[in-house]
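Reader: I have a sequence and a model on my screen. Walk me through them, please.

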Amino acid sequence: MNQDNHHQRRSRASVLPISLAPLGLSRVLASEFVGVGVTKFDTMVDDGRMPKPRRVDGRKIWDRRELEEAFTALPVEGTERESANPWDEVSA
C-alpha cells in the first residue's frame with residue numbers, strides 16, 4: 001500500500017465524529033462490541049443469542065442497535081432471569 005492509499009484509508013476511517021457511533025459493525029467489531037471473541041460471537045449468532053448480519057453486496061454488517069438489544073436480553077448472573085426457561089413464554 002503506498003503512502004496515498006494509506007492516508008485515504010485513515011481519513012475515511014476517521015470521518016465520523018467520536019460522539020457518533022457507526023450503525024453497522026464488521027464481524028470483528030461486533031464481537032468486540034459485545035465483549036466476546038469472534039468464535040464465540042459466531043456461535044452466539046448461530047444459536048440465536050446474537051442477531052444475524054445485514055448484507056451489503058458480499059459483506060456482512062451487524063446493526064449496533066440489534067446487538068445492544070440482544071446483549072441486554074442475555075441472562076444476568078445470579079438473578080431469576082438467568083435460570084428462566086425461554087420456552088416458558090411460548091404458548092402451546
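Author: Start with the contacts. Take those between residues at least 6 apart in sequence in the protein. Of these, the share that joins residues at least 24 apart is 38%.

Reader: How confident is the model, as a mean pLDDT?

Author: This is a predicted model. In the protein, 72% of residues reach a pLDDT of 70 or more. The mean pLDDT is 83.

Reader: Which helix has the lowest confidence, and which the highest?

Author: Helix α1, residues 3–13, has the lowest confidence, with a mean of 46. Over residues 3–11 the pLDDT is below 50, and beyond near neighbours in sequence this stretch has two contacts in the model. Where pLDDT is low, the predicted coordinates should not be read in detail. The lowest is α1, and the highest, at 98, is α3.

Reader: What pattern do the helices and strands follow along the sequence?

Author: The protein has five helices and three strands. Read along the sequence, the pattern is α-β-α-α-β-β-α-α.

Reader: Which residue in β3 is the bridge partner of R55?

Author: Strands β2 and β3 (residues 59–63) run antiparallel. Three bridges join them. In β3, the partner of R55 is K60.

Reader: What is the phi of D57?

Author: D57 lies in the loop between β2 and β3. At 77% relative accessibility, D57 counts as exposed. Most residues other than glycine have a negative phi. D57 is not glycine, yet its phi is positive, near 55°.

Reader: And which residue just after α3 has a positive phi?

Author: The value there is about 90°. The residue is G48.

Reader: Within what arc do the buried residues of α3 fall?

Author: The buried residues in α3 are F41, M44 and V45. Seen down the helix axis, they line one face of α3, because they fall within an arc of 100°.

Reader: Which exposed residues does the face of α3 turned away from its buried side carry?

Author: The buried residues of α3 pack against α2 (27–34), β3 and α4 (64–73). The face turned away from that buried side carries T39 and D46.

Reader: Which residues does A70 contact, leaving aside neighbours within four places in sequence?

Author: A70 is one of the residues of the largest nonpolar core. Leaving aside neighbours within four places in sequence, its contacts are R49, M50 and P51.

Reader: Is R64 buried or exposed?

Author: R64 lies in helix α4. Not counting residues up to four places away in sequence, R64 touches A21, P22, L23, L25 and F33. The cut-off for buried is under 20% relative accessible area. R64 has 17% relative accessibility, so it counts as buried.

Reader: How far apart are the C-alpha atoms of R65 and L23?

Author: R65 also lies in helix α4. R65 is partly exposed, with a relative accessible area of 44%. Along the chain, R65 and L23 are 42 residues apart. Their C-alpha atoms are separated by 7.2 Å.

Reader: What is the relative accessibility of S31?

Author: S31 lies in helix α2. Not counting residues up to four places away in sequence, S31 touches V36, G37, V38 and F41. S31 counts as buried, with a relative accessibility of 2%.

Definitions and conventions:
Residues numbered from 1 in each chain as written. Predicted model: local features only at pLDDT ≥ 70, side-chain atom pairs only at ≥ 80, totals over all residues. Heavy atoms only, no water. Pairing = 2+ DSSP bridges. Helix = DSSP H or I, 4+ residues; strand = E, 2+ residues; numbered from the N terminus. pLDDT = per-residue confidence, 0-100. Contact = heavy atoms within 4.5 Å. Buried < 20%, exposed > 50% of the residue type's maximum accessible area, 1.4 Å probe, protein only. Arc of directions from axis to C-beta. Core = buried A, V, L, I, M, F, W, Y, C linked by side-chain atoms within 4.5 Å.
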